[in-house]
Amino acid sequence: MIHTLTIRTKSKVEFVDITQQVREIVRKSGVREGVCYVYAPHTTAAVTINENADPSVVRDIIDALDRLVPQAARYSHLEGNAPAHIKSTLVGASEVILVEGGDLVLGTWQGIFFCEFDGPRTRRVLVKVVEG
Ligand code: ZN
């Protein structure tokens with residue numbers, strides 16, 4: 001079974017902490033040991049794991065991606081959102097998190113983020129928990 005999280009982003013670029021929602025899906029799945037896939041089926045968004053305790057970490061990541069992939073550069077893609085496509089590929093569309101004792105195995109400071117690079121939009125994140 002694949003679970004869908006619906007995320008309504010409010011800004012052009014935004015990281016949304018989805019840790020608790022993913023954790024809830026894992027708990028309800030009844031899987032004690034296995035893996036959890038978190039996947040964003042979008043070309044201008046991504047999923048990543050990083051610190052969710054200090055929000056300045058996310059701001060620094062967003063700023064660093066802006067320096068790497070500036071809006072004001074020459075791109076072939078004429079839709080105007082080439083930087084969002086490139087950031088999506090740099091960060092990646094999915095994460096795999098181990099499941100142990102019926103819960104996600106995450107470090108103390110780790111959280112799961114949906115990364116919006118071309119919002120605001122309504123987005124989907126797909127979550128699948130597999131026993132094994
Ligand atoms: Zn595009």
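**Salt bridges and a zinc site in a predicted model**

User: Which residues are linked in a network of salt bridges?

Analyst: Lys-12, Asp-118 and Arg-121 are linked in this way. The model is predicted, with local features needing pLDDT of at least 70 and side-chain atom pairs counting only at pLDDT 80 or more, whereas totals for chains, interfaces and linings use all residues. Residues are numbered from 1 along each chain as its sequence is written, and side-chain values use heavy atoms, leaving out hydrogens and water.

User: What makes the contact of Asp-118 with Lys-12 a salt bridge?

Analyst: The closest N and O atoms of Asp-118 and Lys-12 are 3.1 Å apart, and because the term requires a side-chain nitrogen of Lys or Arg within 4 Å of a carboxyl oxygen of Asp or Glu, the pair qualifies. Arg-23 and Asp-103, at 2.9 Å, and Glu-116 and Arg-123, at 2.7 Å, form salt bridges as well.

User: Why is Asp-118 called buried, and Lys-12 partly exposed?

Analyst: Buried means under 20% relative accessible area, exposed over 50% and partly exposed in between (1.4 Å probe, protein chains only). Asp-118, at 11%, is therefore buried, while Lys-12, at 40%, is partly exposed. Arg-23 is likewise buried, at 16%.

User: How do you know which residues are the protein donors of the zinc ion?

Analyst: Donors are N, O and S atoms within 2.8 Å of the metal (3.2 Å for Na, K and Ca), and water is not among the atoms, so sites may look incomplete. His-77 (NE2), Glu-79 (OE), Asn-81 (OD1) and His-85 (NE2) lie 1.9 to 2.3 Å from the zinc ion, and their spacing along the chain is H-x1-E-x1-N-x3-H.
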